Each structure stands twice: as structure tokens, then as C-alpha cells.
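Subject: Structure handover

Hello,

The structure is below, with notes on what was found in it. Please read the notes alongside the model.

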Amino acid sequence: MYPAYLEESIHLVEDTRVRRLLETMPSLDEMGKNALLKLYHPDYIEASMRQLQAGVNKGDSTPVELADLLEGNSRINPDTIDPSKPDHNVDVLVIGCGGAGASAALLANEEGARVLITTKLRMGDANTVGAQAGTQAADRPNDSPAIHYLDTMGGGHFDNIPELVEVLVRDAPSVIKWLEQLGVNWDKAPDGTMHELSGGGTSRRRLHSARDYTGLEEMRVLRDELRNKKIDYLEFAPAVELILDDRGQIAGAVLINLETEELVIVRARAVVMTTGGIGRLHIQGFPTTNHYGATADGLVLAYRAGAELVFIDTMQYHPTGAIYPLQILGQLVTEKVRTLGAQLVNISGEQFVMSLEPRDIVASAIIRECRERQLGIGTPTGETGVWLDSPMIDMIRGEGTIARELPAMVRQFRRHDIDITRQPILVYPTLHYQNGGIKIDTEGATNVPGLYAAGECTGGVHGRNRLIGNSTLELFVFGRRAGRVAAQYAKAVKRGSPTMEHVRRWQQELAKVGVAGQRPVSPRLLPDYVRRTHGQARQAA
Amino acid sequence: MAEQARLIDIYIMGRRCQVPEGLTILTALEYCGYRMIRGCGCRAGFCGACATIYNFKNDPQLRYDLACQKTVEPDMYLVQVPFFPAVKALYDLEKLEATGGKVLSLYPDLVKCFGCNTCTKTCPQELEVMWFVSDALRGDIREVADKSFDCLMCGLCAARCPQGLVPYNMALLCRRLYGRYLTPVSEHLEERITEIEAGKFDADIEELKKTAEKELRRKYTERDMEPALEQHWE
């Protein structure tokens, strides 16, 4: 239920609704977009960034929260670990089990590799399940992979790595089919035609959805298939360090049992890194849509092993995070709400941006509306945001559309006595996605022999801004490729002797540049949300 | 701000704690010093990791919800639900038939359902669990797929079923059968895959890859936008 003082603004939103139904906001031209981004997008706040002083990307800028961890100290003492005495010995180790990890494990298994998955939380408790809106694939007659390519490059400000985008758009339709063959239920018409929607920055209707539970539907099917295929997995066992051999190739990883804090040594011929995102680092203090374990671990591990990172200075702030009520602060209000027709409006009920611009543009426009123009709406807990006018959807597309298309959103707000079929939603940008990450080629290979990566922990395919529905797509396209190729590599590779030498070298480098004493241990593993009370003796996390 | 809110009493594993009004069960646990390892996942109501059971000081009736979504109320008794094992049938989807008989043979305990409706009362997503169990018994896979669609697979229904049924895993089997065998094929998807394999778009993509950035920007700005609203929206 909204507090009484917001009624006046809600009335203005209602009064202007019919007029706004006919009102089209023009799309911004390129100059307008660039000016908006430079002034209001959080990526452009220089004080939030720092240059790395150690490692492959020395000199590159990245948010201070990530810089601290990339320059962090190892959690292990390499002298006390004997990597030649493994607890598990496999061909392919998959680190992380969201959509990318599950796809990689299934394809590596299909290639005949012995696969072990290890994951920080439970299998499938990943950002994938929170992806609501859909998965892009250019499969309608008026669409083509080339148009999908152009949309993706434009959304990423033409900085994307073209070869990766090409693979993304080419593989997309076959990925949709692969998922359906595994039993994913896509939204379809009775004649089999896919029910597809537009999203911010897409020039065609291209989003394949499963109500507003798309990622959940994809993940629960893949997880079930992993179990049917009897692929081994460890839960609550994140990796804390990679193991290399004396030839500089990947040789496995050191894991930690989160409950017993025992270390677990895994010997593997190839490793696929699918650790996902970064939201729980709360870059610039933003709330996040991300799951509890999204702490950039994969970037830290790969970086320390010598893998190159790209685009680590750009994050995605999803334009519409919930800001009211407090219980769901920062949680995702899916872009599908705008896709279905809801507009963004200010305190006076006026539109201020075309609602289906790419995400970085919409987010910047909301920040401008609240900070510069002071036309945002304040919540009782001190947040400021704008209205997302959800009730319009049923006016445009017919009564019952919201209930049918957005059951998760209806349910989430109904818990707090807000009926989104009748009342608008209060939103503000929330930290959603890391655009950059580990540099890969079209098969998911990194510059470290035997180390593959896929999904949100990689960078390049989205350039400086990811489009809606390209993230779930990326998981399956590159997860499948990385899994298959990692299995083939594992068969062919000549193994050397495993060592922890690279960790020793890393610590020496940190000491040499003089930052070792100032940096935390990393990877972070989990955020710390525990309230500290006085008189409480507690070990540092 | 949270510090200014009214404090309420809750009980965590029997211990009385005071927390500000407006926290969720999950954030209340963290407020009281508990660092989560298990029982915490997406923190947004999608993964089912934080399925939880609670009751009230003077009301023994058990209630069920997601800890990340449910707001704490005065005199709540909270526990952390440990790992709960549940049966999952192993199968090769490619070798199954989409029939009720097949579902029943993989989940034979279905016939033990005596209609107590505990599963429905337990579901934090408010799904009609018992109804889709009876749909499964009748062999109506399509109905099971539809009614169970919003299932997060938190497992509470199976944890509470006095007859040991596992509705959430059974329903997943039905949804997979439905997606694999019972939905009509998308002709346009099949065609597009064939076209891509035949190289129909190779030249177009190659040309875009070679296009200089300035020209690519022009093409992007001038591309035609399909209206977001479909012509024949049902």
C-alpha cells in the first residue's frame, strides 16, 4: 500500500494516462544519447574508478570495489597446499552453476568428458533464475541474425567484439530449439508461432519468453537434465584459487567447503569459469538485482592466473529496480513491463524518455529526472524514483494481460498490498549486470591454456551496454561452446606437474607494488550483511 | 532509517530478538547476527532457496513462505529450514512418451494422495498444488504444466506431504514432457535454423563486420523499428 502523501502524484499519473497512450516520445539521436550518458550514467563518475596497479590489466580503470578484489590477497598459503594430491580428478571442472555452467557441463558430458560442477550456493541458485523478460533470437520472417547483430552492436555503443556478436546471433535460433528439445515451455500461439516481444534497443520483436519466469524455466530444466545425466556436483563449495601446472596450463582448482571451511583440491585437465556477476559488491553503493553469491569471484581467480579482462569499467544499472516498499529495494522490475507498453513518468505524470531506449539511456534519464530536474517521487525511507505506469498495459493490450504476462511481478507487489494492474510502480536504477569480464574467443577460450569461460563473467559480446534478452542467450551460446571445446581440449592436452607457483608470484607482485598490506583477501565469496553490535567479538570475514 | 522504525519482538530458534518493523525474515536474521550460508539464494523470490516455516507465539499453526519475501510480524517464531532430501526420478526425456501412464510409472507415489490439501496450503507461490496432482493422476499433462508453471521448486510441498509425494519434481517432468512433445513445432524457428545453416545470412553479417564504425552508426540510427505492439495481439 502506498502512503497517503503519494496519492496526489498517483492521481496525476491516472489523469494523464489516456493522453499519454497516444503520445510518443521521440527516440534520442546519437548526440543526445552521448550527452545524457556522460552527465548522468554512473560509469562516467571518475571518482568511482581506480587504475589497477598489478596484473595483466595494469593501468586499466575499474570501479574501486572491484579493483580492491582484483588486487586482493590469496585466501590460501601456497606452501601448505599440495596440488598433486587431489580429492577429485576429472577432465573438466565447471566452476559455477547458472545457465552457462549447466550448459557447459551438459555439452562436456556429451563429448564424453568426466565432469565435475562446483557451485557456491545450491545448483542453479544463480542470476539466471532472476532473468524474467526473455531470450533473444532472430527467428521471425521480418527479422534476421544481421539485424540482431546491428541492434546488439548499437546497444553496446559499437565497442562489442564483432566475432563474439556474430556467434551470438547465429547460434541464437538453434539455442531456442535446443532448450525446447530439453523441455523448456516457450510462450507460443496454438499454431506453434513463438509469441515474441520487443525490448529496449531491439528493432524487431525477438524476445522468447516463459511468462515472466523465463530464466527460472530455463534453469530448472537444465538443472533437472544435469541430474538425469548423473553429472557430479558439489554445492556450497566455491573456488578460492585456480591451479596451474609447470607448463602454465590449467591443472584444476582449490575449493572451500563453506560450512566446514575445509579446502578441496580438484585436479582437472580443463576448467570452465561460469561464476556470473558482481552485483553484491554494490558498486557506488547501489542496491542490486543479483543473487547472494554475485561477488566477481571468477574474475579474481582468472586474473590471478594471468587471464586478461576487458570492459571492466562498465556496469549495467537496470533502469527499473523497485524502491518501494523497502522490503524489495533494488529488486528487479522486469523490462517486460515496458516491453508490454508501460511508460516511465515523473511526479507530474509526464513522460521524460522513450521507454524502450537501451538500458543505459533509460537509467541515465531516470537519474537526471530525479537529481537534476527534481521531478522524482520520494519514498518514506528516503529513496527517490519515478513511476512505471503498469496499469497502461491492460488498457493497451486488454484486461488480464498483466496477470497473464507478469505473474511474478503481480505476486511480488501483491504481498505488499500494491496491485500493479491498478497502481503504478516506483522505480530507480539498480546494479544489474557487469558488461565486461574475462576476455574469450568464439569458443570461450581465454589466454590461459585450458581455461574457458562463459556467461556474465566474460566480456566483449555486449560492449559497453547489454541489451535485454542477450544475457540469457549468451549463457547458452557460449556455455555450450566452452563446454564442448573444453572437453576436446581435455582429451588432447599433455599434462604437466601442478603447482601453486602463480599464487606465490602474485603475492610477490603485490608486495613489490606495495599494495599487499592495504588490500583485502579475495575472492569475496559472500557479502557480509550482518549487523555489528557493540561488544560483539567477531572474526573478520 | 531502519534504526528509527518501531522495534518488534521476534523469536529466532526460540531466542527473543528485537528488530525494526519492515524487515524481511531474511534481513531480520542478518540484523540479529546470523550470516547466511544455506537458505539464501537470489534474494528476490525466484530461486526457492529460502523456503521457510514459522508460527506465532500464541498460535501453533505452521505457516510457510520465502524468507526473502515475507515481512516479519510481531511474535513470529522463526527457524532455518535445513536441507530436505526429496525423490527425483531419473529419465531420458528422448525415450519417454508424453502420457499419464509414464508420469505415474516415474512417480508411482502419486496414487497415495488422499486429498488433504496440505501441499496447496504450504505453497509460498499460492499454486493449486493438490489440483495439479489430481490432474497428473488423470493423465492431463497440459493442465499440470499450466497450473504448476510458476513453481520455484522450493520443495515445501514435498517436505510437508504426509504421503511422501514430490509434487514439484513430478510437475517439472510434466512441463518437460509438455515442452518437448505436446507443444506445436515453430515452423518459423525451424526454417530460420535451416537458413542459417545454409549460409543465407553470411554475406549480410560479413558486410556489417567490415563496415566502418561511422557507417555502422548511420545504419543503426536509420534502421527501421518494428512497432512494439503486435498487429494481432490476442
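Across the interface of domain 1 and domain 2 of chain A there are zero salt bridges, a salt bridge being a side-chain nitrogen of Lys or Arg within 4 Å of a carboxyl oxygen of Asp or Glu. The model is predicted, so local features need pLDDT of at least 70 and side-chain atom pairs count only at pLDDT 80 or more, while totals for chains, interfaces and linings use all residues. Residues are numbered from 1 along each chain as its sequence is written, chains are lettered from A and ligands numbered from 1 in the order in which they are written, and side-chain values use heavy atoms, with hydrogens and water left out.

Domains of chain A

The domain assignment gives domain 1 as 4–40 + 317–431 and domain 2 as 88–314 + 435–494 of chain A; the bounds come from an automatic or database domain assignment. The contact takes 28 residues from domain 1 and 29 residues from domain 2, contact meaning heavy atoms within 4.5 Å. The two domains of chain A bury about 2,300 Å² between them, 58% of it on carbon and sulfur atoms. Buried area here is the accessible area (1.4 Å probe) that two parts lose on being put together, summed over both. On the domain 1 side, Lys336(A), Arg359(A) and Leu431(A) lose the most area to domain 2, together 27% of what that side buries.

The rule finds 15 residue pairs in polar contact across this domain interface, both residues at pLDDT 80 or more. A polar contact is a pair of N or O atoms within 3.5 Å; within protein, one must be able to donate a hydrogen and the other to accept it, and residues adjacent in sequence count only if both atoms are side-chain atoms. Elements giving two or more residues to the domain 1 side include α10 (359–371) and β17 (425–434) of chain A. Helices (H or I, at least four residues) and strands (E, at least two) are DSSP runs, numbered from the N terminus.

Chain A with chain B

Between chain A and chain B the count is 18 salt bridges. One of them joins Arg211(A) to Asp146(B), with the closest N and O atoms 2.7 Å apart. The rule also finds 49 residue pairs in polar contact across the interface of chain A and chain B, both residues at pLDDT 80 or more. On the chain A side, α6(A) gives the most, with 11 residues. The contact takes 105 residues from chain A and 81 residues from chain B. About 8,300 Å² is buried between chain A and chain B, 53% of it on carbon and sulfur atoms.

Other points in chain A

Chain A has 15 helices and 21 strands. Its C-alpha trace spans about 70 × 60 × 45 Å along the principal axes.

Over all chains the count comes to 68 salt bridges. Arg504(A) forms one with Asp79(A), the closest N and O atoms being 2.9 Å apart. Arg504(A) lies in helix α15 and Asp79(A) in the loop between α3 and β3 of chain A, so the pair ties together parts that are 425 residues apart in sequence.

For the backbone, most residues other than glycine have a negative phi, and most peptide bonds are trans. The peptide bond from Tyr324(A) to Pro325(A) is cis, with omega near -5 degrees, and Pro325(A) is in the loop between β13 and α9 of chain A. A cis peptide bond also joins Ser522(A) and Pro523(A), with omega about 0 degrees. Asp417(A) has a positive phi, near 60 degrees, and is found in the loop between α13 and β17 of chain A.

Regards
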